[in-house]
Amino acid sequence: MRELLGDLEAFSPEEKDPVRRAQAAMKRPLPKRFYKKAEAVAREDGAFGIALDGRMVRTPAKREFTLPSQFLADLVAAEWEAQETEIDPGRMPLTRTVNSAIDGVAGMMSATRAEIAAYAGSDLVCYRAEAPRELVARQSAEWDPFLAFARDALGATFVTGEGVMHVAQADAAVAAVAARLEAETSPLALSALHVLVTITGSVLMALALADGHSTAEAVWQAAHVDEDWNAEQWGEDAEAANRRAYRRAEFDAAAAILAATR
């Protein structure tokens, strides 16, 4: 168990980028699967843990690995159970995010909130294409609802611009996002939000999902408007498809964790 946790520690909580995590995983030999059964176990305090042949999993820092719901614990147990002859941390986004929450984010909540809030100054939905008309229209259809969410739910008005030049946002808009993040007191939820914001490039999308104003599928689609457009025009190569599949697994794991903390 100690050797396994040492391998997992290389991926959490420090490294946030999913592509770099995958690259790191390929550079080191993977630990062999040493257990026959992984299962969710209810704890006396009402939380849940993961047992490998009856031995409770701990984080890389040897803290208790705890989950808030049976549903999420079953998902994490399934992640461990899906490992075959080797244990590949690159295929365990739920476990890595939980480790990150417990060993990292829990001790730096304010810093994590600030890092997430910083995306409000350069949110994806504020940077629009100048042309072609079809892409402009698609961006508006997919992204305008998140601007409406910010205005109606957060009291924050964001402005948009064309191209890649920086669009300055009002201090009040950025402050409104920061104030909303203060309501996130769960390290697990904050870790999930960080993953979602990193993948999508949009704190407004992540908060709309967290507050039930959008679905995970709608957020994923909106975050990939430009990528999907380019793929439609020029096709998608195998490497790009693999990167997208990896990001999708990370995204789905974070969305599941966020849903479990609502």
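Author: Helices, of at least four residues, and strands, of at least two, are DSSP runs, numbered from the N terminus. In this predicted model, Pro-132 is found in the loop between strand E4 (127-128) and helix H6.

Reader: Which residues does a cis peptide bond join?

Author: Ala-131 and Pro-132 are joined by a cis peptide bond, with omega at about -5°. Pro-132 itself belongs to the loop that lies between E4 and H6.

Reader: How many helices and strands are there in the chain?

Author: The chain has 12 helices and five strands.

Reader: At what angle do helix H6 and helix H10 pack?

Author: Angles run from 0 to 180 degrees between N-to-C directions. Here H6 (residues 133-154) and H10 (residues 216-223) pack at about 120°, and their axes are 9 Å apart. Because of that angle, H6 is oblique to H10. The crossing in which H6 passes H10 is left-handed.

Reader: Which residues make the contact?

Author: H6 contributes Glu-142, Trp-143 and Phe-146, while H10 contributes Val-219, Gln-221 and Ala-222. By type, the residues of this contact divide into four nonpolar, one polar and one charged.

Reader: What does a phi value tell me about Asp-53?

Author: Asp-53 has phi near 55°, which is a positive value in a residue other than glycine. Asp-53 sits in the loop between strand E2 (48-52) and strand E3 (55-56). Lys-62 also has a positive phi, near 70°, and is likewise a residue other than glycine. The loop that holds Lys-62 runs between E3 and helix H3 (70-81).

Reader: Does Asp-53 count as buried, exposed or partly exposed, and why?

Author: Buried means under 20% relative accessible area and exposed means over 50%, with partly exposed in between. Asp-53 has 42% relative accessibility, so Asp-53 counts as partly exposed.

Reader: Where does Ala-256 lie?

Author: Ala-256 is in helix H12 too. Its relative accessibility is 17%, so Ala-256 counts as buried. Along the chain, Ala-256 and Leu-94 are 162 residues apart, yet their C-alpha atoms are separated by 8.6 Å.

Reader: Is Val-76 buried or exposed?

Author: Val-76 has a relative accessible area of 0%, so Val-76 is buried. Val-76 lies in helix H3. Not counting residues up to four places away in sequence, Val-76 touches Ile-50, Phe-65, Leu-67, Leu-94 and Thr-95. Leu-94 has already come up through its C-alpha separation from Ala-256. From Val-76 to Pro-93 there are 17 residues in sequence and 9.0 Å in space, C-alpha to C-alpha.

Reader: What part of the residues in the chain do buried residues make up?

Author: Of the 262 residues in the chain, 48% are buried. The accessible surface of the chain comes to about 12,700 Å², and carbon and sulfur atoms account for 53% of that surface.

Reader: Among contacts between residues at least 6 apart in sequence, what percentage join residues at least 24 apart?

Author: For contacts in the chain between residues at least 6 apart in sequence, the share that joins residues at least 24 apart is 66%.

How values were computed. Residues are numbered from 1 along each chain as its sequence is written. This is a predicted model: local features need pLDDT of at least 70, side-chain atom pairs count only at pLDDT 80 or more; totals for chains, interfaces and linings use all residues. Side-chain values use heavy atoms; hydrogens and water are left out. Angles under 35 degrees count as roughly parallel, over 145 as roughly antiparallel, 65 to 115 as roughly perpendicular and the rest as oblique. A crossing is left-handed if the near helix is turned anticlockwise from the far one by less than a right angle, and right-handed if clockwise. Contact means heavy atoms within 4.5 Å. Ala, Val, Leu, Ile, Met, Phe, Trp, Tyr, Cys and Pro count as nonpolar, Asp, Glu, Lys and Arg as charged, and the others, Gly among them, as polar. Buried means under 20% relative accessible area, exposed over 50%, partly exposed in between (1.4 Å probe, protein chains only). Accessible areas come from the Shrake-Rupley method with a 1.4 Å probe; for residues, only the protein chains shown count as cover.
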